[in-house]
Amino acid sequence: MTRTLPAADLVVTGARVHTVDPALPQAQALAVRGGRIAWLGTDADAAGWIGPETEVIEADGRLVLPGFIDAHNHVRLGSDDACVQLAGVRTLDGIHRRIRSWLSAHPDARWIEAEAFDYSAIPGGRMPCAANLDPATGDLPAFVLSYDVHTAWLNTAALRRLGVTRDRTRLPFGEAVTDPETGEPTGFIKDFAVRGLSRDGHRALRELGVPWASPDRQYGRLAKSLDDAIRYGITTVVEPQNSLDDLALFERARAEGRLRSRIVAALFHPRGTSDAELDEFADAAGRLADDRLRVGPLKLYIDDVVEPRTAALLEPYSGCRRHRGETFYPPEEFAGLLAKLDARGFQCFVHATGDRGIRTVLDAAAHARQVNGPRDARHQVVHVECLDPSDAPRFAELGVVACMQPRHCAPEIAGPGKDWAENVGEERWHKAWPMRSLHTAGAVLAFSSDWNVAEMDPMVGIYTAVTRRPLGGGEPWQPAETVDVETAVHAYTMGSAYANFLEDERGSLTVGKLADFVVLSRDILRCAPEDIPGTVTELAVVGGEVVHQL
């Protein structure tokens with residue numbers, strides 16, 4: 001090859017480049033100039049791009065992929081080192097031991113804060129109450145978040161400190177569940193994801209002195225999660241739920257050099273959001289709109305989650321005669337709201353887990369099209385955990401993206417014996433995370449982690465999508481809904497790029513696109529599926545700059 005243009009800034013040679021671009025699926029080498037892919041081709045031709053100042057990376061046959069785009073990753077919420085860590089604890093006694101051990105190490109603590117409790121740790125399949133926490137916490141207020149951050153669990157001291165009484169159960173940060181016989185609050189708070197993570201909810205928790213909600217603690221979680229993201233080769237993070245107050249955290253991370261991954265930040269639209277607030281959202285989207293930090297989509301909820309039986313199902317929960325969950329909006333109201341937001345040009349990410357919740361969102365998308373006319377809105381149904389098969393074709397028909405988190409369907413998280421599977425009932429297990437059915441029906445799949453609900457590592461998500469087996473091996477659950485490795489990689493790259501209107505700049509290794517790519521320690525497209533976990537990102541490049549290297 002005879003080079004007539006200036007030399008590249010960076011050249012990778014000796015690689016197996018999987019481009020995720022059907023026009024040129026494979027290459028051995030690539031060149032970067034000005035932060036973008038300038039060339040892809042063979043090792044024999046790579047020398048023509050190398051000058052005296054070119055950085056050359058020899059990949060030694062390793063797999064090069066586009067940088068992963070995590071389409072739903074709560075980096076701002078993150079995981080908090082100041083909290084008692086309850087992940088993996090499966091019994092109430094185990095929770096007590098963790099808390100007591102933490103208290104021994106923090107004798108001057110004024111609050112006990114914990115995260116990632118598993119609903120199944122509570123005996124009898126019921127939800128937790130203050131009396132379950134009191135033996136381990138004493139008179140210190142305790143604030144415990146579930147692993148999905150959709151509920152909170154308070155002890156008696158925290159109920160007093162936060163002013164939760166039988167006459168004050170509708171709180172800025174959630175809905176206090178009451179005992180059906182006494183009317184007293186039990187200590188279990190539902191709807192925390194909708195209210196507690198909202199602008200008003202965070203402000204209320206801060207004012208009440210909950211340390212977890214302070215700006216410094218929030219920034220600490222964000223900075224740590226951003227470091228993890230780039231270590232895992234996630235070059236673009238979609239942070240799906242933020243208030244206008246939270247945007248300063250991302251700007252601080254950028255100013256301090258912690259924003260090595262690119263960010264798309266969605267703004268939370270709780271019920272009752274005013275037109276004036278929508279104007280503020282639009283102003284923020286106009287102010288923060290570059291390729292490093294972009295604000296714009298809106299996050300809404302139509303239902304909650306299956307484990308505490310707050311997702312909206314078409315038929316009653318297993319063992320119930322009538323209870324099938326509720327939607328946060330009547331269907332007609334939600335359809336009108338989505339049409340209104342669609343008419344203003346907003347893209348909407350809608351949390352929907354139950355089959356009735358998902359159908360309500362699809363019906364609303366159909367209504368928006370009927371009222372406003374077809375447009376390339378790319379509204380997303382986020383989670384798609386329990387889908388009626390008749391609704392699978394509607395995603396492609398309506399141009400709605402299925403934003404899914406494969407790890408959530410792992411047998412050890414949602415399968416037989418776990419709350420998700422038991423609450424839905426075996427007769428509906430075929431509806432669980434139907435990735436293959438959606439893909440076959442032409443839906444765009446955008447994969448993500450939902451960190452910190454599940455592991456951030458894309459290798460864990462890809463392995464689960466391909467096998468539907470436990471992370472440590474074992475029997476698969478609903479294996480008819482697996483996808484192949486290339487489909488999973490596409491969903492973590494080009495699918496997520498398309499889902500966020502980024503396909504012209506990211507998602508594949510294509511000449512002219514941003515030079516965001518990773519070099520992996522193992523060829524996940526050729527290795528045995530059980531070897532995918534443990535694969536690490538040895539090199540991560542964002543905009544042609546090496547930002548992570550082992």
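Which backbone oxygen lies 3.0 Å from a polar atom of the side chain of His-548? That of Thr-537. Polar contacts here are pairs of N or O atoms within 3.5 Å; within protein, one must be able to donate a hydrogen and the other to accept it, and residues adjacent in sequence count only if both atoms are side-chain atoms.

Some ground rules. This is a predicted model, in which local features need pLDDT of at least 70 and side-chain atom pairs count only at pLDDT 80 or more, while totals for chains, interfaces and linings use all residues. Residues are numbered from 1 along each chain as its sequence is written, and side-chain values use heavy atoms, with hydrogens and water left out.

Back to His-548. This residue sits in strand S25, residues 545-549. Strands are DSSP runs of E with at least two residues, helices are runs of H or I with at least four, and both are numbered from the N terminus. His-548 counts as buried because its relative accessibility is 12%. The scale is this: buried means under 20% relative accessible area, exposed means over 50%, and partly exposed is in between, with a 1.4 Å probe and protein chains only. Leaving aside neighbours within four places in sequence, His-548 is in contact with Ile-230, Arg-231, Thr-537, Glu-538, Leu-539 and Ala-540. Contact means heavy atoms within 4.5 Å.

Now the sheet around that strand. S25 belongs to an open sheet of six strands, in the order S3-S2-S7-S23-S24-S25, with mixed pairing. The edge strands are S3 (26-27) and S25, each pairing on one side only. Two strands are called paired if DSSP finds at least two bridges between them. As background, strands of a sheet pair through backbone hydrogen bonds, either parallel or antiparallel. Both senses can be followed here. S2 (residues 16-18) runs parallel to S7 (residues 63-66), joined by two bridges, and Val-17 stands opposite Val-64 in S7. S7 then runs antiparallel to S23 (residues 517-520), with three bridges; Pro-66 has Phe-517 in S23 as its bridge partner. Strand S24 (residues 537-542) pairs with S25 in the antiparallel sense over four bridges, and the bridge partner of Val-541 is Val-546 in S25.

Elsewhere, consider strand S17, residues 262-268. Seven of its seven residues are buried, so S17 is largely enclosed by the rest of the structure. On one side are Arg-262, Val-264, Ala-266 and Phe-268, and on the other Ile-263, Ala-265 and Leu-267, all buried. S17 pairs with strand S16 (residues 234-242) in the parallel sense over five bridges. Within that pairing, Thr-236 stands opposite Arg-262.

Next, the nonpolar cores. By a core I mean a set of buried Ala, Val, Leu, Ile, Met, Phe, Trp, Tyr and Cys residues joined through side-chain atoms within 4.5 Å. The largest has 97 residues, and Phe-395, Leu-438, Phe-447 and Ile-462 touch the most other members. Helix H7 (residues 215-231) gives this core its largest share, six residues. Beyond four places in sequence, Ile-462 is in contact with Phe-68, Val-485, Ala-488, Val-489, Tyr-492, Ile-524 and Ile-532.

Points are joined across faces, edges and corners, and a volume is the space filled by probe spheres set on the points. There are six cavities of 30 Å³ or more. The largest cavity holds about 220 Å³. Its lining has 24 residues, of which Asp-148, His-150, Val-305, Asp-450 and Val-453 lie nearest the centre. Strand S18 (293-301) and helix H13 (411-414) each supply at least two residues of that lining.

Last, some backbone geometry to check on screen. The peptide bond from Trp-451 to Asn-452 is cis, with omega near 10°. Asn-452 is in the loop between strand S22 (445-447) and helix H16 (458-467). Ala-116 is not a glycine, yet has a positive phi of about 75°. That residue lies in strand S10, residues 112-117, and counts as buried at 19% relative accessibility. His-383, also not a glycine, has a positive phi near 105°. His-383 is placed in strand S20, residues 380-383, and at 4% relative accessibility counts as buried.

Key
1 Å grid on protein atoms, 1.4 Å probe; cavity = no way out; pocket = protein on both sides within 12 Å on 5 of 7 lines; lining within 4 Å.
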